[in-house]
Amino acid sequence: MKTYTPARLRLTAVVVENLSLYLVLIGVFVLMFALNGEKFIRSQNLISMAYQLPIVGLLAIGMMISMLSGGINLSIIATANLNGIIIALCLQQFSAQGMKLAGPELVLLAVVLGFLTCVLVGVVNGLLISLLKIPDILVTLGTMTLIAGLNVVFTKGYTLSGFPDSLLNIGNGASFGVPNALILFIVASVVASVILNKTRFGFSLYMMGSNPTAAQYANVNLVKITVMQYIFSSIFAALTSLVMVGQLNSVKASYADSYLLVAVLAAFLGKVSPFGGFGRVSGVVLAVIILQMISSGLNLLRLDPFTITATWGAIIIGIVVFRGIFSQLKARLASRRNAS
């Protein structure tokens with residue numbers, strides 16, 4: 001009999017595993033179409049969704065990676081903002097003609113420096129969690145607060161704007177009629193899926209999340225895997241930042257703060273276990289599409305942002321309640337079968 005680990009399931013098994021998400025996707029589409037009519041399927045709305053989806057999607061995959069060990073990365077939004085701010089400050093400091101007219105070499109240097117800064121954040125998070133055995137939520141809460149404060153110090157509370165076209169093209173441009181941000185999201189999702197499903201790092205990460213003791217006996221270096229895990233998560237924060245810079249043409253210390261809740265929600269809705277050991281990129285991608293349809297549908301109804309934020313909270317509570325009831329029913333049925 002063939003057995004499969006969480007990191008190695010056949011395509012058919014993955015489809016079956018996400019069957020409930022496909023049903024929810026269809027149900028949400030039907031509901032939003034019923035509420036908004038043809039406005040929901042107009043090309044203008046679909047294109048808008050294609051541009052907005054990658055920001056939440058990249059953040060959600062970064063959050064999923066941190067949750068695979070049973071942890072969480074609360075610093076992911078602050079890290080994304082830090083990346084954009086580092087890029088902006090480098091362009092302002094070293095471009096004699098101004099940030100808008102910075103040359104390609106300088107733009108590349110600024111992006112690399114921002115990327116390395118995000119990697120450093122991941123290293124700090126990973127080392128504090130793995131070496132000092134501090135809970136993930138406390139470490140990333142601390143780094144989130146620290147980075148958010150540094151972001152305000154670096155920008156002095158102002159919005160930095162006026163990026164070169166080469167950077168704006170990443171988040172706001174299109175290739176062959178497809179938004180570049182969506183292409184970046186698709187490529188990043190595929191790469192993340194391959195790394196998690198086909199590499200020793202991915203296998204070790206799933207093992208560490210499902211059973212840390214067994215992982216140690218299997219000679220898994222928990223410190224190394226944890227550091228790599230949070231570096232991987234921070235890389236997705238950096239990619240998110242590039243999309244945000246392109247779409248907003250500016251950076252600020254407090255951009256996208258509300259997206260932290262949505263990223264956690266997308267990972268949770270995508271069947272990523274908050275206790276670690278289970279989760280799949282395909283499920284998170286489906287969850288992001290579902291949430292984007294809900295967001296776009298509610299925006300078409302002209303609901304205010306606070307109501308939409310409250311809706312995300314209600315969805316989280318609903319999922320928690322549903323899974324709790326389902327788990328209890330499953331346990332009761334199992335106990336009755338054992339008793340009989």
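The radius of gyration is taken here over C-alpha atoms, and the rule for a globule is 2.2 Å times the number of residues to the power 0.38. With 340 residues, a compact globule would have a radius of gyration near 20 Å, and the protein chain, at 21 Å, agrees with this. The structure is a predicted model, in which local features need pLDDT of at least 70 and side-chain atom pairs count only at pLDDT 80 or more, while totals for chains, interfaces and linings use all residues. Residues are numbered from 1 along each chain as its sequence is written, and side-chain values use heavy atoms, with hydrogens and water left out.

**The chain as a whole**

Along the principal axes, the C-alpha atoms of the protein chain fill a box of roughly 80 × 55 × 35 Å. The chain has 14 helices and 4 strands; these are DSSP runs numbered from the N terminus, with helices (H or I) of at least four residues and strands (E) of at least two.

Of the 340 residues in the protein chain, 46% are buried. Buried means under 20% relative accessible area, exposed means over 50%, and partly exposed lies in between (1.4 Å probe, protein chains only). A contact means heavy atoms within 4.5 Å. Among contacts in the protein chain with a separation of 6 or more, 78% join residues 24 or more positions apart.

The accessible surface of the protein chain is about 17000 Å², and 69% of it belongs to carbon and sulfur atoms. Accessible areas come from the Shrake-Rupley method with a 1.4 Å probe, and for residues only the protein chains shown count as cover. The protein chain carries 20 positive and 7 negative side chains, and the centres of these two sets lie 16 Å apart. Lys and Arg count as positive and Asp and Glu as negative, whereas His and the chain ends are not counted. Each charge is placed at NZ of Lys, CZ of Arg, CG of Asp or CD of Glu.

**Cysteines**

A disulfide is a pair of cysteine sulfur atoms within 2.5 Å. A search of the whole structure finds 0 disulfides. C90 is in none, and its nearest cysteine sulfur, that of C118, is 12 Å away. For C118, the closest cysteine sulfur is in C90, and 12 Å is too far for a bond. C90 counts as buried because its relative accessibility is 10%, and C118 counts as buried at 1%.

**Two residues with positive phi**

Most residues other than glycine have a negative phi. K133 is not a glycine, yet has a positive phi of about 60 degrees. F176, also not a glycine, has a positive phi of about 55 degrees.

**Around helix α12**

L260 is found in helix α12 and counts as buried, at 16% relative accessibility. Not counting residues up to four places away in sequence, L260 touches M63, N73, L74, I76, I77 and M144. R302 is 42 residues from L260 along the chain, and their C-alpha atoms are separated by 23 Å.

S273 is found in the loop between α12 (259–269) and α13 (281–300). S273 is buried, with a relative accessible area of 18%. Leaving out residues up to four places away in sequence, S273 touches M67 and F278.
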